[in-house]
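Trainee: I would like to go through the contact between the two chains. Please show the structure.

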Amino acid sequence: MESLYHIYRRRGYTRRDFLKSVLLLSAVLGFPPTSFGQAVKALELKPKPVVIWLEFQDCAGCTESFIRSTSILPSDVLLDYISLEYHETLMSPSGFYAEEAKREAIEKYKGKYILIVEGSVSPRNKGVYCTVSGKSNVELLKEAAQNAGLVIAVGSCASWGGIPHAEPNPTGAVPVSQILGDRQVVNIPGCPPISDVMVAVIAGFVITGKPPELDSMGRPKTFYGQTIHDRCYRRPFYNAGKLAGSFDDESARKGYCLYKLGCKGPITRNACATIRWNGGLSFPIQSGHPCFGCSEPNFWDRGFIYSPLSVVEGGFGWKGILAGVATGVALGAASAAINKKFREK
Amino acid sequence: MGDTTFYDLVRGPLLRFALFIFFAGISYRFFRVVFLGLPPDYAKPKGNPYYMAVKKIVIKPTMGWTFNEIFSRRAVNFIGGFLFHLGFLGLTFFVPAHALLWREITGLPIPTIPNLLGDILAYAALGSLLALTIHRMLNPVLKLLTGKDEYFANFLIGAILFTGLLATKWAGGGFYVWILSTHMLLADLLIIYIPFSRLSHFVYYFLSVGFMGWNAGKRGVSF
Ligand code: SF4
Ligand code: SF4
């Protein structure tokens, strides 16, 4: 099978273009400069990665994001490079032939292929809420994961359960890692995840033969080691206490921090503030909208997209105060009554 | 437990629980006394008790303000205490993140202070707290009056001020969420602790000083 370098040349790109991409990739992955040679060699010689991409309870948004990666590899190279043996949204065969192709790929590339899962898994009622070709999603996942060289959960749904998992979670949606138990799963959360991050993790696996270094929640440390707030270009405004008061007032136009408008950047781990979106063009905060924390577990259930982080989640208000005071008054009256009784005795 | 799970816990259920305990505890202690009642007093008030109650609350903090009193004998107490209270209360209610929280809780349009002022208050509060604590440990009379309660309270408040400063002044590497959560956890503990400790003077101070003023007013004496 072709290597990345061969594809570059076949598509009419120069060696210089190839080297530029590898350099960028190494930088994004945080490789030390000394390992540049190793990366070039690996991508010149190693065959392109075989990917089996399963979709369960998803919206195909992660796929949409993936195929729009443009920073690291040109999109024509990317689509050639990742050998997608099975992908319900992107492949042309369907029905029996599609399933046959998957079975064959699993057998042929045993232990070598990368399994990517998009969407949450639903084990409830024997997995009846999500089936493909008569098999439940749990069965399909286990079957494909068994022989995979690497399992990647892309998107917040596959990583944490995501929107299907939101209250009241009618299908009993769970993350991929919960079904696979001890098996290592690389989580690339986000709704959707940044395309370049997905591509970089795959290419990094080709170069090193190992999964990236992960944090305690299975996320690659390179991309999820810091919060949006840690790297936000509006941080100086935050530190200076300059907060935009509404979406379109003078302070918003001056680019003040979006904390008051509900920014969840301080508690959200993702690479938006560094790698950004659409070829590094921009990211939500840059376009004036607060981060709503799409890459964090249960972001949907937090239910306070536009209220500032510091408010009590679920509210307290006068009702809470009155409930507290009423309890106190009742207890006070009771204890005074008891005291009085003692005194009378 | 992941850092965001912990964060959600301390700012959600735990904060709501702490606030409930705070309001219940403060009103319990107040009404326990109120319901006991005062012995009937049939004498006609000689002065104006309500006026005197308010007057006492307003002028009490300045009553010892003579030059000698402040600078020759109780400088640390006066200046430290003043700076600390100003700083701590200012920070608690008017720093933007906090003001937004109290706005949500009370529905009142609480104003916010600029960051520079917040910083000055924070350093003033932390520095004076340190000075007051050391003073407590060294001054023989204060030492006698001090129990574990005071040291614990001072430590808790110091830790809250420190973690709050860290959260705003330090980028925090990957630990920002933990720092913020620790700050909030400690604040939750403080909110629960206030009604059951001497820190409750934060509410009762006004009641007891007011009561003293009211009594003085009733008897027609001056403070
Ligand atoms: S806009 Fe959001 S992420 Fe950026 S500094 Fe403000 S709070 Fe932090
Ligand atoms: S800025 Fe926040 S909400 Fe937006 S994509 Fe990035 S992590 Fe998700």
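Trainee: How many salt bridges does the rule find across the interface of chain B and chain A?

Mentor: This is a predicted model, in which local features need pLDDT of at least 70 and side-chain atom pairs count only at pLDDT 80 or more, while totals for chains, interfaces and linings use all residues. Side-chain values use heavy atoms, without hydrogens and water. A salt bridge is a side-chain nitrogen of Lys or Arg within 4 Å of a carboxyl oxygen of Asp or Glu. Across this interface the number found is 0.

Trainee: Which helix gives the most residues to the side of chain B that touches chain A?

Mentor: Helices here are DSSP runs (H or I, at least four residues), numbered from the N terminus. Contact means heavy atoms within 4.5 Å, and 37 residues of chain B are in contact with 47 of chain A. With 12 residues, the one that gives the most is helix 2 of chain B.

Trainee: Which helices of chain B are included in what covers the buried residues of helix 17 of chain A?

Mentor: Buried means under 20% relative accessible area (1.4 Å probe, protein chains only). The buried residues of helix 17 of chain A include A:G320, A:G324, A:G328 and A:G332. Their cover includes, from chain B, helix 2 and helix 6.

Definitions and conventions
Residues numbered from 1 in each chain as written. Chains lettered and ligands numbered in written order. Helix = DSSP H or I, 4+ residues; strand = E, 2+ residues; numbered from the N terminus. Buried < 20%, exposed > 50% of the residue type's maximum accessible area, 1.4 Å probe, protein only.
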